[in-house]
Amino acid sequence: MSLDEQTFTLLKDSVQRFIRDRLVPAENHVEEHDEVPADIIADMKELGLFGISIPEEYGGIGLSMAQECEVAYELGQTALAFRSVVGTNIGIGSQGILMDGTAAQKETYLPRIASGDLIVSFALTEPDAGSDAGALKTRGVIDGDDYLLDGTKRYITNATRAGAFTLMARTDGPGTAGISAFIVPADAAGLSLGKPDKKMGQRGTKTCDVNLDNVRVPAANIIGGVPGRGFKTAMKVLDRGRLHVSALACGMAQRILQESIAYAQQRRQFGQRIGDFQLIQAMLADSQAELLAGWAMVQATARRYDERAAGRTDPDVGMQASCTKLFTTEMVGRVADRGVQIHGGAGYINEYKVERFYRDVRLLRLYEGTSQIQQLIIGKHLMRQA
C-alpha cells in the first residue's frame, strides 16, 4: 500500500502549501480560542488528510508507513492541534478496523472515516488503567445478540467531535485475554461525555471522559466479530502510531529550531547578534544533530515496517518503533528546552511561538506509550532475544 512517487510528491507539495498558507497563519486563533476553525477542518477533508492511512479501495489515499511519516513530519511544523483533528482517523481510531475488522465493518466504516464525514476516537484509557491496559474495568455483559457496556474512559482525544468510538471493554475474565474491541456509536443511548479537559498545552485539541451507562451495542460491532481479541488489536496498531508520533516530533523539532535560528539572527546583545555567540551556536548545533539522528531513525524503521507489511518476517520492527518513539519524543523535549533558552526571557512569554511549542511537545512523551513503557518494551525484547 503506497502512492507512486510522482503522485506522492504532488500530495506532499499540497500539504506543505496548506500548512504554510492556512495553518501557520491560524496558530494564534487556535491559541486564543482553543479551537480549530471549522473552515480549516473542511479544507483538511478536501485535501484528503483524514484518510491518508486508509487504502484507496475504501476511499483513502493509501500511503505507506514511510510516506505517512513524511506527511506527519510536515504536520509537525505547525500547532499540533491541527494534526490532532485528523490523528485518530489516521491512526488508532481506524487502524483496528482496517487490520482486524470484518469485511462488512470495513465497508461500512472506512469510507466515512477516510472522507472525514465520520470522526472516530479510540477509547482505551480509564481512571485506573492507562499504561496497564490489562487492568481496564469497563465491562461488556452479553444480553441476547447485544452487549451492555458500563464504565468510564478518560482523556479520550476527539471525543467531542466523534461520531463513533473504537472502545475496549472486558467481556471475559481478568487480564488482556478478556478484552474485546467494540465500535460504539457516539449517539448510543447511555453514552455521555464529561467536561472538556483543561490541558497544559496543545490548545485546540479536544479531550474528555466518555461515560457508559448500560450502553447497548450489537455483538456484530465487536471488531473482527470475535470477542477477546481487543487487546491484540490495540497492540497491533501501536507500531504504526508510534512511528507517526515520532515523525511528528521531528517535524516539531524542525519548527522550533527554525524559530530559534530566526530569533538568534535578529536579537542583539553586547553589540552583536546572539547567534554569533558560540554558546548559542552550540545549542543550535545540538538540536540540529539530534533532529537529524531522530529523523534517520524514523525513516529507517518506517521502511522496515513497510517491508514487514509486504510479507517480510521482521520481529525487531516493534522494538525499533519503540526505540524511535523513545528517542524522538525525548529529543524534541530537549530541542524545545533549548529553544526557550535561546529566546531568554522572551521564551517564557506566550507571544513567542516557542513557549507554546514547549508546552505542546510535552505530551508526546506520554501518549502512544510513555517513555518508560518504551524502555520496558525494548529491554524485554533484548532479554528475549538473548
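This is a predicted model: local features need pLDDT of at least 70, side-chain atom pairs count only at pLDDT 80 or more; totals for chains, interfaces and linings use all residues.
Biologist: How are H8 and H9 oriented, roughly parallel or roughly antiparallel?

Modeller: H8 spans residues 230–266 and H9 spans residues 278–309. Their axes come within 9 Å and cross at roughly 155 degrees. Angles over 145 degrees count as roughly antiparallel. That makes H8, relative to H9, roughly antiparallel.

Biologist: What is the handedness of the crossing where H8 passes H9?

Modeller: The axes of this pair cross at roughly 155 degrees. As H8 passes H9, the crossing is left-handed.

Biologist: How many nonpolar residues are in the contact of H8 with H9?

Modeller: H8 brings residues including Leu 243, Cys 250, Leu 257 and Ile 261. H9 brings, among them, Leu 284, Leu 291, Trp 295 and Tyr 305. The contact also has seven polar and three charged residues. The nonpolar residues number 14.

Biologist: How are H1 and H4 oriented, roughly parallel or roughly antiparallel?

Modeller: H1 covers residues 5–23 and H4 covers residues 65–75. The axes come within 10 Å and cross at roughly 15 degrees. The crossing is right-handed. Angles under 35 degrees count as roughly parallel, so H1 and H4 are roughly parallel.

Biologist: How many charged residues are in the contact of H1 with H4?

Modeller: From H1 come Phe 8, Lys 12, Val 15, Gln 16 and Ile 19. They meet Gln 67, Glu 70, Val 71, Glu 74 and Leu 75 in H4. Five of the contact residues are nonpolar and two are polar. The charged ones number three.

Biologist: At what angle do the axes of H10 and H12 cross?

Modeller: H10 runs over residues 317–343 and H12 over residues 371–385. H10 passes H12 in a left-handed crossing. The axes come within 9 Å, and the crossing angle is roughly 145 degrees.

Biologist: How many polar residues does the contact of H10 with H12 have?

Modeller: On the H10 side, the residues include Ser 322, Lys 325 and Thr 329. On the H12 side, they include Gln 374, Gln 375 and His 381. Five nonpolar and two charged residues also belong to the contact. The polar count is six.

Biologist: Which helix gives the most to the lining of the largest cavity?

Modeller: The structure holds two cavities of 30 Å³ or more, and the largest has about 80 Å³ of space. H2 (27–33) and H11 (353–360) each supply at least two lining residues. With four residues, the top contributor is H11.

Biologist: How many charged residues are in the lining of the largest cavity?

Modeller: The lining includes Glu 27, Glu 31, Arg 203, Lys 353, Arg 356 and Asp 360. Val 30, Ala 79, Gln 202 and Phe 357 line the cavity too. By class, three lining residues are nonpolar and one is polar. The charged count is six.

Note on methods
Residues are numbered from 1 along each chain as its sequence is written. Side-chain values use heavy atoms; hydrogens and water are left out. Axes are lines fitted to C-alpha atoms, for helices over the stretch in contact, and angles run from 0 to 180 degrees between N-to-C directions. Angles under 35 degrees count as roughly parallel, over 145 as roughly antiparallel, 65 to 115 as roughly perpendicular and the rest as oblique. A crossing is left-handed if the near helix is turned anticlockwise from the far one by less than a right angle, and right-handed if clockwise. Contact means heavy atoms within 4.5 Å. Ala, Val, Leu, Ile, Met, Phe, Trp, Tyr, Cys and Pro count as nonpolar, Asp, Glu, Lys and Arg as charged, and the others, Gly among them, as polar. On a 1 Å grid over the protein atoms alone, a cavity is a set of points where a 1.4 Å probe fits but cannot get out, and a pocket is an open set with protein on both sides within 12 Å along at least five of seven lines; lining residues have an atom within 4 Å of a point. Grid points are joined across faces, edges and corners, and a volume is the space filled by probe spheres set on the points.
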